[in-house]
Amino acid sequence: MQSWSAVPVPVVPGHGPQLRLYDTADRRVRPVSPGATATMYVCGITPYDATHLGHAATYLAFDLIHRIWLDAGLAVRYVQNITDIDDPLFERARRDGIDWRALGDREVALFTADMAALRVLPPHDYVGATEAIAEVIEIIEKLLAAGAAYVIDDPDHPDVYFRADATAQFGYESNYDLDTMLEFFAERGGDPDRPGKVDRLDALLWSAERPGEPSWPSPFGRGRPGWHVECSAIALDRIGPGLDIQGGGSDLIFPHHEYSAAHAESVTGERRFARHYVHAGMIGWDGHKMSKSRGNLVLVSKLVAAGVDPSAIRLGLLAGHYRADRFWDDGVLAEAVARLERWRTAAALPAGPDAADVIARLRRYLADDLDTPMALAALDGWVTDALEYGGHDPAAPRAVADAVDALLGVVLDPEDNAGSGR
């Protein structure tokens, strides 16, 4: 898949402290310790509808991590998938009378345009599930050979399933009890009541060919991949075992991330698929979580088309902590627009207060589990000082603008998006 274009990232002198992030599996904030190349796999969209602010908030959180790593001087191998073959895509295509591939292509194009507008740095590898069929088949073959998978005894639909007990540590990533697992499994694409399964939590690896659905040849018959194994296969192929971060929205903790980790661990023998499991909170509107099924979506593309500055959208989403479930409303947007205007006014001054302290604080707060509310408050303080008391450092406004661009992805000089590019 073709991802969106990268924007130049200003180089800011100096470095911040080591990044610390909350790990879902360990249930605590701890240091992220990558090697010379930091690796991150973030689950992408299922392209059957437009990009809403819930998506944007998730990808902004991982964009901050990407930017922090670059600021630390690290190379970054960032991989994101597209689930361009799945039941919701087929269902929407049938409902709308459109070919599922055309629907997917249309929504991927809209998503990439939204990410570009929001100045999200693109992944190094942007991979559709349909581009990774060979890798999926290979991992399923290995799981079958290891006894971690089986073919269900159903002559009409001989699907391949993963054994939930294939790894001794299954359940460590989510820390959910059995009842919670079964509840979420049923709600989020699982089939706990499928006859013939060994265990209710066994997850689909390969769906045998059904009429009207696309299929590919494999040693276990024509069919298509299950959801979780796509990410296991893509991550292992593009990054390998032991990636630094597996990330996504908190609704992916279980079953998706639990199973994708377990699939990979069953093949590699590694104790943990990822060193950190990082999850972003949900965005709500009108008192409910924003979701396609509910239809209460605030679309990035519509906000931009209505003239909302994408930097204001970023600021509105960054005003809340990335792990918190939070609501978007007109007041959040109005506050973000006003904040952006003040920041831009201060950045345009001929001189300002010394920038070293506020840049150090920006780095420190972001390194502390992406504490964007504190980072924004620190910048608000510098802006207030600049606007009310002025300053004597002619380099300060540019230095602050570059730091805000590099670390937050917010442009304070619309005439110069490049800054001093990396």
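**Helix packing and a few backbone details**

Hi everyone, let's start with a pair of helices: helix 4 and helix 7 cross in a left-handed way. By left-handed I mean that the near helix is turned anticlockwise from the far one by less than a right angle, while clockwise would be right-handed. Helices here are DSSP runs of H or I with at least four residues, strands are runs of E with at least two, and both are numbered from the N terminus.

A quick word on the source: this is a predicted model, where local features need pLDDT of at least 70, side-chain atom pairs count only at pLDDT 80 or more, and totals for chains, interfaces and linings use all residues. Residues are numbered from 1 along each chain as its sequence is written, and side-chain values use heavy atoms, with hydrogens and water left out.

Back to our pair. Helix 4 covers residues 133-145 and helix 7 covers residues 253-268; they pack at about 65°, with their axes 9 Å apart. That angle makes helix 4 roughly perpendicular to helix 7. The axes are lines fitted to C-alpha atoms, for helices over the stretch in contact, and angles run from 0 to 180 degrees between N-to-C directions. Under 35 degrees counts as roughly parallel, over 145 as roughly antiparallel, 65 to 115 as roughly perpendicular, and the rest as oblique. On the helix 4 side, Ile139, Lys142 and Leu143 make the contact, meeting His263, Ser266 and Val267 of helix 7. Contact means heavy atoms within 4.5 Å.

Helix 7 has another detail for you: Pro255 sits in it, and the peptide bond joining Phe254 and Pro255 is cis, with omega of about 5°.

Now, how are helix 12 and helix 13 arranged relative to each other? They pack at an angle of about 165°, with axes 12 Å apart, and are therefore roughly antiparallel. This crossing is left-handed. Leu376, Leu379 and Trp382 come from helix 12, and Ala396, Pro397, Val400, Val404 and Leu408 from helix 13.

Those two helices turn up again around helix 11. Helix 11, residues 356-367, has 12 residues and spans 17 Å from first C-alpha to last, close to the expected 16 Å; the expected span is 1.5 Å times one less than the number of residues. Its buried residues are Val358, Ile359, Leu362, Arg363, Tyr365, Leu366 and Ala367. Buried means under 20% relative accessible area, exposed over 50%, and partly exposed in between, using a 1.4 Å probe and protein chains only. Their cover includes strand 1 (20-23), helix 1 (53-71), helix 12 (372-389) and helix 13 (396-408). Just after helix 11, Asp369 takes a positive phi of about 55°.

Last stop: Gln169, in the loop between strand 7 (160-162) and helix 5 (178-187). Gln169 counts as buried, at 17% relative accessibility. Leaving aside residues up to four places away in sequence, Gln169 touches Glu265, Glu270 and Arg271, and its side chain reaches the backbone oxygen of Arg271 at 3.1 Å.

Thanks, everyone!

Notes
A polar contact is a pair of N or O atoms within 3.5 Å; within protein, one must be able to donate a hydrogen and the other to accept it, and residues adjacent in sequence count only if both atoms are side-chain atoms.
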